Amino acid sequence: MSDALNLSPQTTYRLAIASRTVLAIFGSYLFAALAAASLSLLLPGPRAQAVLGATMLAFVLYCAMAIWAFSAACATRAWLVALACCAPPALHLLLREVMS
Amino acid sequence: MKALGFRQANAWLHTWAGLLLGWLLYAVFLTGTLSFFQEEITFWMKPELHASVPDNQTAQRLAQAMQSLAPNAAQWTLTLPGERNAGAQAQWFDIGQPIVKRGGQSVALDAGTAEPVTPRETRGGGFLYRFHFELYGMPRVLARWIVGIATMVMLVAIVSGVITHKKIFKEFFTFRPRKGQRSWLDAHNATAVLALPFHLMITYSGLLLLMFMLMPWGVESAYRGDTQKFFNESGGRGARAAPAMGAGEQPLGEQVPLSDFAPLLAQAEQRWPRGVSSISVTRPGTSDAVIELRERGGDSLIDRGNSERLRFDGVSGALLNSPPAPGISTPNAIYNVFSSLHLIRFAGAPLRWFFFISGVVGTAMIATGLVLWVVKRLPERQKLGRTPIGHRLVEVLNIGTVAGLPLAIAAYFWANRLLPVGMTQRSDWEIRSFFIVWLLCLVHPLLRSHKRAWLEQLWVAAGLFAALPLFSVGLAHSHLLASLAQGQWLLAGMDLTLLASAALLGYGAWKLNRHQPLHRAQRQPRTVSTRQESAA
Amino acid sequence: MIWICLALSFSGFSALSLSTERHHAQVFEDKGSPLKRQLLRLLGWLLLAGAVIPGVIQLGPSVGIALWAAVLSVAAGGLVILLTYRPRLIVPLAVAGPSMALAVWMF
């Protein structure tokens, strides 16, 4: 992509860092929020316990995704995997809205 | 970033996450560590209470005093002196007053004479505790969000730090002094790895304590936003529902004397190794009076460190049955364990000290990280021949926070000792002193060279801390020799910790003074520092 | 009880550190045979695991485990300082520590 747009290596590097940072800060939080919302409905047991468990888990997921954002081999890969992780809970919640 | 490997990428993340929020995290960690002893600090900051010496008649005497102190009370609670506070506190609600957390009337009592005492107006250790998660002078929710975000970053910093540290097991016990950057890295690694379980626990549990604000989406999704319903169903954060204290009604019938407290206290003390922490009476002087004794500390984290309670009929002194504790589900138990470990309300003195030491180690972890950032970049500054403004900013913030914050805390304690007792807004002025001094500490490094700024702040902080116990010599019941002689560890512990802090800061200053830059790292130290001085 | 836990943790960590070549050399001037180091490693883990027991007995399981975790950090920190500045004190302390703590507790 950077070749097509004729960007210098330094700009490419900076863009990559910036995109990973956005993913780590906002993308991870979005993932954690979606997971919390979805898992609260899916975890077994009484509703309040499921919410408690899902919310506690969400912070671990947030941390994992933030680390992933910087550990992936390239920024594109980081985003693709993040989107793939966000899709199931997002779809679940969407379906629930549509069906209720 | 194709060129960077997994470990290097995490090192980059760790460095920047750590640096950008390091100063805030240092402040949060330091005030949090001090908060483990917030009650002790508050007691130390109220010298008027230092004459209070509890003995084994204290509980009786104080309970008796309540009759004259609160004759029209619908409900009263007596917090007994203990290892964290040698004074007693009485709180009561007269008939008709609403029963709310900080309502009613409240007075401090001397444990020996059961007389009311008026301590000087101060927020005490409570200021440091509140600052720890609500900062100061800004809307509560905003402050909690700031601290919450910093905590999430801290979690990422810890995990990325562990990933980056490739020799974590091999170098577990390694510390190589006097090797410049290598030593700072060893110190940062040691303080981080050796107390790693504590750091992970305290950070994650901190997040859990704020979780309903930071991550409300579970409640939103499952309860459609009806948070009240969620709290009711979850058992109110796992706390056992207190039996209804329906006071505020007219007492029925004639005045009936309360049962003698001595046998009740004896029963409780047999059961509870650490004794009774408080006595509460509802509807005293009537035939439906109920006396409730509460245990000091707790013995299970799963129950949120909840202390046991014994309830007695107020007139006959007969033990009443308490409702059986409801079973605790797994998610609740997990939350309870984590939040108990963070707040350590259950802990006795020895365990509290261990947590305190761990907290100091964590604070040192952050401090060594911040210093390491500067030290690591000295060679490239050498090459550049000047100090980039970003580096200078980091240096200034490092000094102003790592040395400046302890200095400001010492100033807070000094304000407590020096401000006139009857002054209006006294507690606000103590707090203002803290912030004014901290601000000065942040500005001071701009006007001095790097090394000199460090030395000056460290020496001043050491001096202020050391002088505090000396000042107490002038206060009747507070000074160290008296408290040691009487075995009043509450005060002695604080004074000794102040002296130890002074020693630590002084040692740091002394080592820095003697420090000669390594030839390898800095070829022309004098030129660099004069350039810095002229630039600054 | 806390002191017994601390002493056992310290001894456990000492054994573990001595099971590495580097620290063995720091204390004993030689790298130690592989068998000796294996035994030290086993002893170390046993002592660390055992250190949880006094806390759990006195304070109950949840508080006892929390205490143990806190004590581990302090013990490890103390060991690092000794390894750096006074390695010769380590073996005497590790050997005498648990018995001294036991004596203190009993009297």
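Trainee: In this predicted model, is the crossing of H1(A) and H3(A) left-handed or right-handed?

Mentor: The two elements are helix H1, residues 9-42, and helix H3, residues 75-99, of chain A, and their axes come within 9 Å. For this pair in the predicted model, the crossing of H1(A) and H3(A) is left-handed.

Trainee: Are H1(A) and H3(A) roughly parallel or roughly antiparallel to each other?

Mentor: The axes of the two helices cross at roughly 20 degrees, and angles under 35 degrees count as roughly parallel. H1(A) and H3(A) are therefore, relative to each other, roughly parallel.

Trainee: How many residues of the contact of H1(A) with H3(A) are nonpolar?

Mentor: The contact includes Leu23(A), Phe31(A) and Leu34(A) on H1(A), and Trp79(A), Cys85(A) and Leu93(A) are among the residues supplied by H3(A). Four residues of this contact are polar and one is charged, while the number that are nonpolar is 16.

Trainee: What is the radius of gyration of chain A?

Mentor: Chain A has three helices and zero strands, and its C-alpha atoms fill a box of roughly 55 × 25 × 15 Å along the principal axes. The globule rule gives 13 Å for 100 residues, and chain A is well over that, so it is more spread out than a compact globule, with a radius of gyration of 17 Å.

Trainee: Which helix gives the largest share of the side of chain C that touches chain B?

Mentor: The contact takes 20 residues from chain C and 22 residues from chain B. On the chain C side, helix H1 (2-18) and helix H5 (61-85) each supply at least two residues. The largest share, 15 residues, comes from H5(C).

Note on methods:
Residues are numbered from 1 along each chain as its sequence is written. Chains are lettered from A and ligands numbered from 1 in the order in which they are written. This is a predicted model: local features need pLDDT of at least 70, side-chain atom pairs count only at pLDDT 80 or more; totals for chains, interfaces and linings use all residues. Two residues are in contact if their C-beta atoms, placed from the backbone, lie within 7 Å. Helices (H or I, at least four residues) and strands (E, at least two) are DSSP runs, numbered from the N terminus. Axes are lines fitted to C-alpha atoms, for helices over the stretch in contact, and angles run from 0 to 180 degrees between N-to-C directions. Angles under 35 degrees count as roughly parallel, over 145 as roughly antiparallel, 65 to 115 as roughly perpendicular and the rest as oblique. A crossing is left-handed if the near helix is turned anticlockwise from the far one by less than a right angle, and right-handed if clockwise. Ala, Val, Leu, Ile, Met, Phe, Trp, Tyr, Cys and Pro count as nonpolar, Asp, Glu, Lys and Arg as charged, and the others, Gly among them, as polar. The radius of gyration is taken over C-alpha atoms; the globule rule is 2.2 Å times the number of residues to the power 0.38.
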